[in-house]
Amino acid sequence: INGPNLNMLGIRNPGIYGNITYQDLETMIKVFCKENHIHVDMVVSNYEGEIVEAIHDTYFNKYDALIINPGALTHYSIAIRDALEILNCLKIEVHISDIYNRESFRKTNVIRDVCDYSIIGKGLDGYLEAIKIVMQVKKR
């Protein structure tokens, strides 16, 4: 699940987020998952309620894991935090940039304590790292 403005990858602040588009990211993830025989569904939304509903769908559809980059909603969305808290599957938070070494308001992270892993500041490769964690945990 990807939150606000992530659909604008490649356009928004390329000095921080790079030149790869959201479509490129989606393709990268889908190819990696196909090569590793992993079913993946992707959601991108600029709307908090749609993200909450996508998290609820994770619960009802009994997914093994959820990888989420809530974007700016990381810093204040108690609704997303509460929805994540409902899940009993593996939850991994990904942030392309290092939110702890940017503007002071980005240092607030209301979802970190309800996620099992946080991958921060590793660019788009953070998504693949998150998928690899899912693969490792599922093997146990």
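The expected span here is 1.5 Å times one less than the number of residues, and helices (H or I, at least four residues) and strands (E, at least two) are DSSP runs numbered from the N terminus. This is a predicted model, where local features need pLDDT of at least 70 and side-chain atom pairs count only at pLDDT 80 or more, while totals for chains, interfaces and linings use all residues. Residues are numbered from 1 along each chain as its sequence is written, and side-chain values use heavy atoms, with hydrogens and water left out.

H5 has a run of buried residues (under 20% relative accessible area; exposed is over 50%, partly exposed in between, with a 1.4 Å probe and protein chains only). They are Gly126, Tyr127, Leu128, Ala130, Ile131, Ile133 and Val134. These pack against H2, strand E1 (65-68), strand E2 (90-95) and strand E3 (117-120), contact being heavy atoms within 4.5 Å.

Now to the partner helix. H2 (residues 22-35) has 14 residues and reaches 20 Å between its end C-alpha atoms, close to the 20 Å expected. Tyr22, Leu25, Ile29, Phe32 and Cys33 are the buried residues of H2. Viewed down the axis of H2, these fall within an arc of 100 degrees, so they line one face of the helix; the arc is taken over directions from the helix axis to the C-beta atoms. The buried residues of H2 pack against helix H5 (125-139), whereas the face turned away carries the exposed residues Gln23, Lys34 and Glu35. Just after H2, histidine 37 takes a positive phi of about 55 degrees.

Of its 26 lining residues, His39, Val40, Asp41, Tyr63 and Ala65 are the closest to the centre. A pocket is an open set of points on a 1 Å grid over the protein atoms alone where a 1.4 Å probe fits, with protein on both sides within 12 Å along at least five of seven lines; lining residues have an atom within 4 Å of a point. H2, helix H3 (48-60), E1 and H5 each supply at least two residues of this lining, and H5 gives the largest share, five residues.

The second largest pocket takes up about 190 Å³. It is lined by 15 residues, with Arg12, Tyr17, Gly71, Ala72 and Arg106 nearest its centre.

Definitions and conventions:
Points joined across faces, edges and corners; volume = space filled by probe spheres on them.
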